[in-house]
Amino acid sequence: MTPAPQSNTSGTNDLETVASDENEIASSVVVTTPDENGGPTTGNGSTVAGATFNFTNAIIGAGAIGLGGAIAASGGLISIVLITFFGFLTKLSLDLVIRLSVETPEVDNSYESLAAYGLGTAGRVTVLICKLLYSFGCLVAYTVVIKDNMAQALKHLIYGEDTPTASGWLHHFLSEDSLFTWIISLNGVLPLCLLRDMTPLASFSVVSVISMVAIVGIVIYIYFACPDVKRPGESNYDNWFQIRPGVLESLGTFVFSFVSQHTVHLVFGSLKPELRTVKNWKIVSTLALLSATTVSVLVGVFVYMTFWEATQSDIFQIYPQIWMIDIAKLLLCTTMVLTFPLPFFTCRELLIVVFVHPFCGRADAEDANSELQADLAEPLLPSGDDETTTSDTTDVVIQPFGRLLNVLAPANWLLPQDDRQLRLGGHIILTSLLWFFCTDLAIAAPSLGDVLDLVGCFSGTIICFIVPGLLSFKMEGYSHLALLLLAIGCSVGAVGSYFSIHKLYLDLNS
């Protein structure tokens with residue numbers, strides 16, 4: 001292994017230089033992946049526009065919807081500053097991670113591989129655990145949103161003001177939020193999760209992003225056109241300039257809105273091989289983070305200005321039941337369904353790496369498979385010219401058993417051309433079990449805000465800020481960006497996690 005590249009940056013480097021200056025080699029390097037025959041693939045994958053929609057879809061989600069409650073708990077102006085700051089800092093962190101991956105030939109297209117190269121086994125294990133926890137937290141949060149909004153919206157759209165007195169099997173079905181969530185998740189979410197990569201999701205991502213833009217439009221329209229919905233606020237100082245105690249426990253929600261390091265390599269790897277350059281990636285990250293920040297600020301601020309301190313994390317629970325809000329709820333749930341597969345792919349891939357790879361011995365898989373086939377090819381009984389019938393009978397018994405052993409052998413659990421994907425049977429089983437566990441836990445979750453705060457503070461800060469900062473220090477030397485990432489990650493992670501756990505404890509026991 002070649003030594004990690006060292007940078008000539010000194011303590012006089014400023015943040016702007018670190019963020020914008022890339023050497024020409026890194027910007028022109030193209031990352032390719034081999035096809036089944038060992039040659040590089042060409043033409044397969046997403047365009048820059050498709051990757052941008054996928055990545056925007058991966059970022060915008062439950063975090064943006066939960067910002068209204070975080071702003072109410074923190075204060076108006078300080079929240080806008082924090083949202084913008086975390087969005088910008090996340091963009092710098094993403095670009096840093098991709099640049100280090102491209103500049104390091106020994107690293108394959110994964111965050112944990114980069115962490116292993118730069119920080120050793122401890123770094124790899126940390127990234128694996130945090131990516132798994134964060135991705136799983138996203139899945140739970142998305143399902144909580146579906147549970148809290150979709151059935152209610154459909155019931156009100158169908159029955160209107162007569163909902164309390166309505167009857168019938170459909171009304172009963174829509175009144176059972178948990179059962180309805182299971183059915184929708186089984187028929188809408190699980191089929192998308194059975195896909196193997198995100199390239200086919202590019203067209204769905206366009207629908208998801210358009211749905212979020214429509215939600216922004218509805219929220220803004222209600223603020224201006226429906227004055228009877230708005231609640232009176234306090235003075236301008238109290239509404240905008242006061243920094244409230246809840247800012248500490250809301251830090252996780254602000255971070256959760258932008259953390260996307262768990263899917264960054266999936267999106268980068270989904271680009272066509274000839275497009276996998278740092279320059280193209282910076283276009284993707286800039287457009288995606290700019291869109292996500294704009295949507296987050298608009299949704300959070302206009303909901304906050306509508307309800308002020310009464311704003312909750314799940315914003316549509318506080319709006320009156322009018323048809324526009326019902327449409328917004330359905331659009332939000334559509335976004336959650338289409339966003340769900342992105343962290344799901346990451347979570348499933350990590351489970352394969354952590355729990356399946358140790359049993360497969362990929363380095364020896366081909367030899368093991370060959371030995372198994374050779375053993376099965378050897379006759380178990382001596383055969384001669386006068387024992388043809390006995391030999392044929394033995395083959396009838398042994399061959400099916402041999403094929404079964406061949407399938408069950410750990411070396412054959414993974415796809416030959418992609419060791420992060422299981423063969424069809426294992427793929428379906430693992431996907432179904434992971435989907436079931438996420439859905440079951442989400443139905444039991446106390447609130448969306450608790451999930452966002454805890455997941456964002458604990459695992460989100462580690463993979464978004466702390467690990468990239470440590471990697472920059474280790475592989476390039478000191479820089480202001482690395483110091484800033486470490487300082488923000490450690491402070492937000494420690495303080496925010498404490499207050500988030502405390503709030504979750506109180507909610508569970510209330």
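A disulfide is taken here as a pair of cysteine sulfur atoms within 2.5 Å, and the structure holds 0 of them. C347 is in no disulfide, its nearest cysteine sulfur being that of C438 at 5.8 Å, and C438 is likewise in no disulfide, with the sulfur of C347 as the nearest, 5.8 Å away.

This is a predicted model, in which local features need pLDDT of at least 70 and side-chain atom pairs count only at pLDDT 80 or more, while totals for chains, interfaces and linings use all residues. Residues are numbered from 1 along each chain as its sequence is written, and side-chain values use heavy atoms, with hydrogens and water left out.

The protein chain has 21 helices and 2 strands, which are DSSP runs numbered from the N terminus (helices H or I, at least four residues; strands E, at least two). Of its 510 residues, 51% are buried, where buried means under 20% relative accessible area with a 1.4 Å probe, protein chains only.

| Residue | Relative accessibility |
|---|---|
| C347 | 1% |
| C438 | 0% |
| S285 | 0% |

S285 is found in helix 14, which covers residues 278–307. The side chains of S285 and D95 are joined by a polar contact of 2.8 Å (a pair of N or O atoms within 3.5 Å; within protein, one must be able to donate a hydrogen and the other to accept it, and residues adjacent in sequence count only if both atoms are side-chain atoms). The S285 side chain also reaches the backbone oxygen of K282 at 3.2 Å. Leaving aside neighbours within four places in sequence, S285 is in contact (heavy atoms within 4.5 Å) with K91 and D95.

Methods:
Buried means under 20% relative accessible area, exposed over 50%, partly exposed in between (1.4 Å probe, protein chains only).
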